Amino acid sequence: MDTQNPINSEPGILNLSHAQVFVYMLLAVVTILFLFLTNAYVFRMNFEDWQPLPMPSLLWANTCSLVVASIGMGWATRGVNNNNQASLKTGLLIGGFFALLFLTGQFWAWQQLIAYGYLVAQNPANTFFYLITALHGLHISGGVVAWIVITKKSWRTDGTQPSLSQVSLLATYWHYLLLIWVMMFGLFLST
Amino acid sequence: MEQSAAYEGQQMYHPKGWWGHYVFSQDHKIIALQYTCVALAIGLTGMFLSLMMRMQLGFPGLFDSIDAGNYYQDVTMHGMIMVIYLLTALFLGGFGNYLIPLMLGSRDMAFPFVNMLSFWVYFLSVIILSASFFVPSGPTGAGWTLYPPQSILEGTPGGDGAGILLMLISLAVFIIAFTMGGLNYITTVLQSRARGMKMMRMPLVIWCIFLATFLGLLAFPALFVGAIMLTFDRVLETSFFMPEIFKGGEVLDYGGGSPVLFQHLFWFFGHPEVYIIALPAFGIISELISCHARKNIFGYNMMVWALVAIAGISFIVWAHHMYVAGMNPYLGFFFATTTLIIAVPTAIKVYNWVLTLWHANIKMTVPMLYCLAFLITFLIGGLTGLFLGNVSVDVPLSDTYFVVGHFHMVMAVSPVLALYGGLYHWFPSVTGRMLDDRLGKIHFWITFIGTYLIYFPMHYIGFLGVPRRYYSNQQYDFIPDSVADLNQFITICALIVGASQFILLYNFVNSAIRGKKASKNPWGACTLEWQTLESPPGHGNWGDQLPVVYRWPYDYGLPGATADFVPQNVPDEQIT
């Protein structure tokens, strides 16, 4: 992911690396995806049959997990920046663990809602909740795959440690998915 | 995967073995070929389906096997295959992959592995789509727009079976493939240009592919969301799009949803999709016209900004596909206005192409014939678009053959003409051999005249009020008998045009094996893909050293130069 420009090339746009352009564009596409979901949500909620569902309080704890995961990734970035292996590894572990905790928590929140009888097809508000949380969870899962690759790399002893740009891009992805979750959670709470 | 720091600090992938070279290749040229072959194969299927439809319309009842259900399945699959799996994939996956690194002086795409993955995921989407032909109730027959509620209900072919599901899943998979490819194209264009290749020195075809990719990345998520939500409605019986429905006096489990919401999501993707196809066609035409008329392109900067304007405005015209869905008149007025405004940058491009031809040294090569045919066809298709862009004219014409004639001229025949022109032009670069000129001209004239004989009469049939989508026109008093004769004529023309495409296929295969050897730059083009060390270009494209760019890509007839073209990598002091 960390391809550099060859010597005989035009400089990259805004001095960004290939991987940065790729990930930033990916985040733009992810934003558009959730924007369309939000549009559809707002369009559909104006119909008569819309009945908001109560938000399980577990979602607050899940949000905190994702915040801690994001902080962990920030810590890992600082670690690789300061050439501090311990910070890098600890930060990555915190980032990954709390992201997985978030996913588990979201799944648990689904179980709670199902137990209370808020089934997916019962009302469009329910369906949107399950759909949006599932798509957000899938994006987190994709990030976890990248996290596994980079974390494995950071444990290697053959000198092929992850680069600053790899770790910082992973952290950017984490922060961004936190932002999207906060927006989506806000949407659920406000409607 | 073996990585080595081979060239000037750039990491390069080097394939090992036959599988690495030709199957799971990460070389953009092989991936382009893979995209092209798969897209053409599924495109041939799409063409076959259209001929089945034409047989029913021209000779109703001749084939017992074509019933109303089959007919709608053919219509649906033909539309979706041609728009998404042929044209989008071929223009961006095929031409985009081949041309971007070569024209920009790069060794490969920015992320070759993701590029390879993009092709294989696309291939998977084609497999899933094709699988729907083999499930018990067959593929979906909902029409290519897949409008709910009918698309997922019993009674619509494939609606209660796996057909519609396979279509929706295939679309979602295609979008994932496109996103991987698209992110790669954007990154490569922004990051991997040879020294001197400023953005405003890029060939117009690269600008077009670049902007079409942007459109795709921003528009496809709308279809993705629509497809996922429709899948939910179909599988989980949710009601995103499904209103209350009564069947046989009993109410179904659905209720409260909005079919119009799906239409908005679909067309927010659907209209930019027109330009995702049209922009690469514009780009190919720009390259071909300049090269085969031996004259620099007229108004390069204006062309680029017109493209940017088209790309931007294409996001605010989508509801002109929905005038008959019921719309506030003021909203209709807004979308009619934006639709007419987008004609302005489009017209700028057409004028610039015509002005490029003005007093040019026009070579009547096969690619040039396709360019001229494109100009006329796009103009005619565009003009009928002015009719349909206006609400009051669109409402009576919307469900008639006038629309079929219009969109086939503007977004089927026109892009295909550009596509064929591009294939003839770049075939020597890919294979090192020339396509047979005589066969090329025969194929061109049959295709060009034939498509006019097919689609021109449809405008007239549309004015008569003949509804599109109908399986049979026989039992309606308001449809005159002459329509049946005209439909027979159209069908015979369609069969001839369809059969003539095999001339092209034969020409491809025969020329690739036995064709006349091409020189390194047979058309005398200025762009970088013709300036490689080897022809066809080898792995890594440029040997040991990347090219350096000194000029724009259209230096034809430069004063003081003896040759009538100066390639982009020739410095001023070396011009003789």
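Colleague: Let's start with helix H13 and helix H14 of chain B: at what angle do they pack?
Modeller: This is a predicted model, so take what follows as computed from it. H13(B) covers residues 437-463 and H14(B) covers residues 481-514. Their axes are 9 Å apart, and the packing angle is about 155°.

Colleague: Are H13(B) and H14(B) roughly parallel or roughly antiparallel?
Modeller: The cut-off for roughly antiparallel is an angle over 145 degrees. H13(B) and H14(B) pack at about 155°, and their crossing is left-handed. The pair is therefore roughly antiparallel.

Colleague: How many charged residues sit in the contact of H13(B) with H14(B)?
Modeller: On the H13(B) side, the residues include B:Leu439, B:Ile446 and B:Ile454. They meet H14(B) residues, among them B:Phe489, B:Cys493 and B:Val497. By class the contact has 17 nonpolar and seven polar residues, and the count of charged ones is: no charged residues.

Colleague: Moving to H8(B) and H9(B), why do they count as roughly antiparallel?
Modeller: The axes of H8(B) and H9(B) come within 9 Å and cross at roughly 155°. Roughly antiparallel needs an angle over 145 degrees. Because of that crossing angle, H8(B) and H9(B) end up roughly antiparallel.

Colleague: And what is the class make-up of the contact of H8(B) with H9(B)?
Modeller: The crossing of H8(B) and H9(B) is left-handed. H8(B) brings in residues including B:Met302, B:Ala306 and B:Ile310, while H9(B) supplies B:Ile341, B:Pro345 and B:Lys349, among them. Sorted by class, that contact has ten nonpolar, three polar and one charged.

Colleague: There's a loop between H8(B) and H9(B) with B:Tyr323 in it; is B:Tyr323 buried or exposed?
Modeller: B:Tyr323 lies in the loop between helix H8 (300-313) and helix H9 (329-357) of chain B. Not counting residues up to four places away in sequence, B:Tyr323 touches B:Gly332, B:Val391, B:Asp394, B:Val395 and B:Ser398. The cut-off for burial is 20 or more other C-beta atoms within 10 Å.

Colleague: How does B:Val393 count?
Modeller: B:Val393 is in helix H11 (residues 391-397) of chain B. Leaving aside neighbours within four places in sequence, B:Val393 is in contact with B:Phe387 and B:Leu388. Because B:Val393 has 15 C-beta neighbours inside 10 Å, the class is partly exposed.

Colleague: What is the C-alpha to C-alpha distance from B:Val393 to B:Gly450?
Modeller: B:Gly450 is one of the H13(B) residues that meet H14(B). In sequence, B:Val393 and B:Gly450 are 57 residues apart. In space, C-alpha to C-alpha, they are separated by 28 Å.

Colleague: Now H6(B) and H7(B): roughly how do they run relative to each other?
Modeller: The axes of H6(B) and H7(B) come within 8 Å and cross at roughly 160°. With that angle, H6(B) is therefore, relative to H7(B), roughly antiparallel.

Colleague: What classes of residue make the contact of H6(B) with H7(B)?
Modeller: H6(B) passes H7(B) in a left-handed crossing. By class, the contact of H6(B) with H7(B) comes to 26 nonpolar, four polar and two charged.

Colleague: Which element gives the most to the largest nonpolar core?
Modeller: That core has 221 residues. The residues touching the most other members include B:Ile206, B:Cys208, B:Ile209 and B:Leu211. With 24 residues, the biggest giver to this core is H6(B).

Colleague: Which residues does B:Cys208 touch?
Modeller: B:Cys208 is among the residues of the core that touch the most other members. Not counting residues up to four places away in sequence, B:Cys208 touches B:Leu279, B:Pro280, B:Phe282, B:Gly283 and B:Leu307.

Colleague: Where does the largest share of the side of chain B that touches chain A come from?
Modeller: In total, 40 residues of chain B are in contact with 31 residues of chain A. Strand S2 (10-13), helix H5 (163-191), helix H6 (204-235) and helix H7 (259-292) of chain B each supply at least two residues of that side. The largest share, nine residues, comes from H6(B).

Colleague: Last one, on chain A: what pattern does it follow along the sequence?
Modeller: Buried residues make up 39% of the 191 residues in chain A. Chain A has five helices and zero strands. Read along the sequence, the pattern is α-α-α-α-α.

Technical notes: Residues numbered from 1 in each chain as written. Chains lettered and ligands numbered in written order. Predicted model: local features only at pLDDT ≥ 70, side-chain atom pairs only at ≥ 80, totals over all residues. Contact = placed C-beta atoms within 7 Å. Helix = DSSP H or I, 4+ residues; strand = E, 2+ residues; numbered from the N terminus. Axes fitted to C-alpha atoms, helices over the stretch in contact; angles between N-to-C directions. Parallel < 35°, antiparallel > 145°, perpendicular 65-115°, else oblique. Left-handed = near helix turned anticlockwise from the far one by under 90°. Nonpolar A, V, L, I, M, F, W, Y, C, P; charged D, E, K, R; others polar. Core = buried A, V, L, I, M, F, W, Y, C linked by C-beta atoms within 7 Å. Buried ≥ 20, exposed ≤ 12 C-beta atoms within 10 Å, placed from the backbone.
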